[in-house]
Amino acid sequence: MGIQKQIAVLPGDGIGPEVTNQAVRVLDTVAKKYHHQFSFQFALMGADAIDKTGDPLPESTLQLCKTSDAVLFGAVGHPKYDQDPDAKVRPEQGLLKLRKELGLFANIRPVTTYTSLHHLSPIKSNLLEHVDFEIFRELTGGIYFGKKELSTDGKSATDTCTYHVDEIARVAHLAFKRAQQRKRKLTLVDKANVLETSRLWRKTVNDISTSYPEVEVHQMFVDNAAMQLIINPAQFDVILTENMFGDILSDEASVLAGSLGLLPSASIGSGTALFEPIHGSYPQAAGRDIANPTGAILSAALMLDHFGLHQEASELRSGIEWTISNSFVTMDIDPINFYFTSTIGELVCDFIMNRVEDAIHKANIQLRKSTII
Ligand code: IPM
Ligand code: MG
């Protein structure tokens, strides 16, 4: 007997709708195969929501997310806001508010590399062997959510970084638990030589570590971590860090995989969990069916894991690995011989339905005909 889940889908801006559609399609296929019932409710978010309602996170969207079993999210952002520092309403505010309202205090970003894509990374292949780590980024505190101020003369500005010990502890426990299931190594990244908040992170994490004696704890300053991620990325297992350091380091870490489009994320906490690719809205590619849906599809796999559907999740991951190892990749990976966003989604569905063994006809796929002979 399958399970029943209601999923709120917020495609957002730019390439968000295209990649999210592929994730929905793959989830639909999983539901069909395993007799689950997934219902998808779409809602507005980001610049698209501002255009239509004046609000980057309309109340109806928030309510839908709160009453759903999970949120599948695409991307937010539009150049017209990036170029206007005076804009009062911004698409990103919708995402930040949603994270806060849903209590999503932990953002988990797994970083893996694919041997067949090592050449895409500016990092030497030998350094990429055995790279497999997860970043646990605190998501609802720190400088992102502290008091912001611009002086009346417009000449000075302030952003405050505040952390309460409880905010640190709850994400730290999740990271330690994850490290227990993995290689039992946790690296706390901070700037404790300068920042008071970082010293509180160190103290809190040290206290908590006594409850996880089998986990080896390392402390690393963020500037060094930025370097270590490039010179020896295989040393990491679980990285635990605050909001802004996690934002920056996870974009840096995506370079290891070869493309920002490959990486998924899960945000969890006290309310409905949210799943999103780590890439942005990539407006230049919007509507062209060229964006990489892998991050979005792998985010759907994290959602399946969250539902306890581990076999389904691993099948979906195998589908992605299968596309990559057969060179069914989008333009960011191969600018000459590339396949379309929708084709990758279709192929992953074919894989799940066991339709790919000998049936794939590459020439037809390139022509965007059926993937099956
Ligand atoms: C991310 C993004 C967001 C963040 C932006 C869009 C507000 O960069 O999810 O990493 O900074 O958290
Ligand atoms: Mg970011």
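1. Two strands count as paired here if DSSP finds at least two bridges between them. In this predicted model, 10 strands make up an open sheet with mixed pairing, ordered β2-β1-β3-β12-β11-β4-β5-β10-β8-β9. At the edges are β2 (37-42) and β9 (216-221), each of which pairs on one side only. From one strand to the next, the twist averages 25°.

2. Within the sheet, β4 (residues 106-112) and β5 (residues 132-138) run antiparallel and are joined by seven bridges. Opposite Ala106 stands Glu138 in β5.

3. Helix α3 (residues 59-66) packs on the sheet and touches β1 (4-12), β2 and β3 (70-75). The direction of α3 makes about 150° with that of β1. Helix α11 (residues 294-306) also packs on the sheet, touching β1, β2, β3, β4, β11 (264-268) and β12 (273-277). The direction of α11 makes about 155° with that of β12.

4. The largest pocket holds about 840 Å³ of space. It is lined by 35 residues, and Val76, Glu92, Asp247, Ile278 and Gly280 are the closest to its centre. Helix α5 supplies the largest share of this lining, five residues. By class, the lining of the largest pocket has 17 nonpolar, seven polar and 11 charged residues.

5. The second largest pocket has about 700 Å³ of space. Its lining consists of 24 residues, with Ile108, Glu134, Arg178, Leu302 and Asp305 nearest the centre. Among the elements giving two or more residues to this lining are β4, β5 and α11. The second largest pocket lies between domain 1 (1-107 + 259-373) and domain 2 (122-257), because both give residues to its lining.

Definitions and conventions:
Residues are numbered from 1 along each chain as its sequence is written. Chains are lettered from A and ligands numbered from 1 in the order in which they are written. This is a predicted model: local features need pLDDT of at least 70, side-chain atom pairs count only at pLDDT 80 or more; totals for chains, interfaces and linings use all residues. Side-chain values use heavy atoms; hydrogens and water are left out. Helices (H or I, at least four residues) and strands (E, at least two) are DSSP runs, numbered from the N terminus. Axes are lines fitted to C-alpha atoms, for helices over the stretch in contact, and angles run from 0 to 180 degrees between N-to-C directions. Contact means heavy atoms within 4.5 Å. On a 1 Å grid over the protein atoms alone, a cavity is a set of points where a 1.4 Å probe fits but cannot get out, and a pocket is an open set with protein on both sides within 12 Å along at least five of seven lines; lining residues have an atom within 4 Å of a point. Grid points are joined across faces, edges and corners, and a volume is the space filled by probe spheres set on the points. Ala, Val, Leu, Ile, Met, Phe, Trp, Tyr, Cys and Pro count as nonpolar, Asp, Glu, Lys and Arg as charged, and the others, Gly among them, as polar. Domain bounds come from an automatic or database domain assignment.
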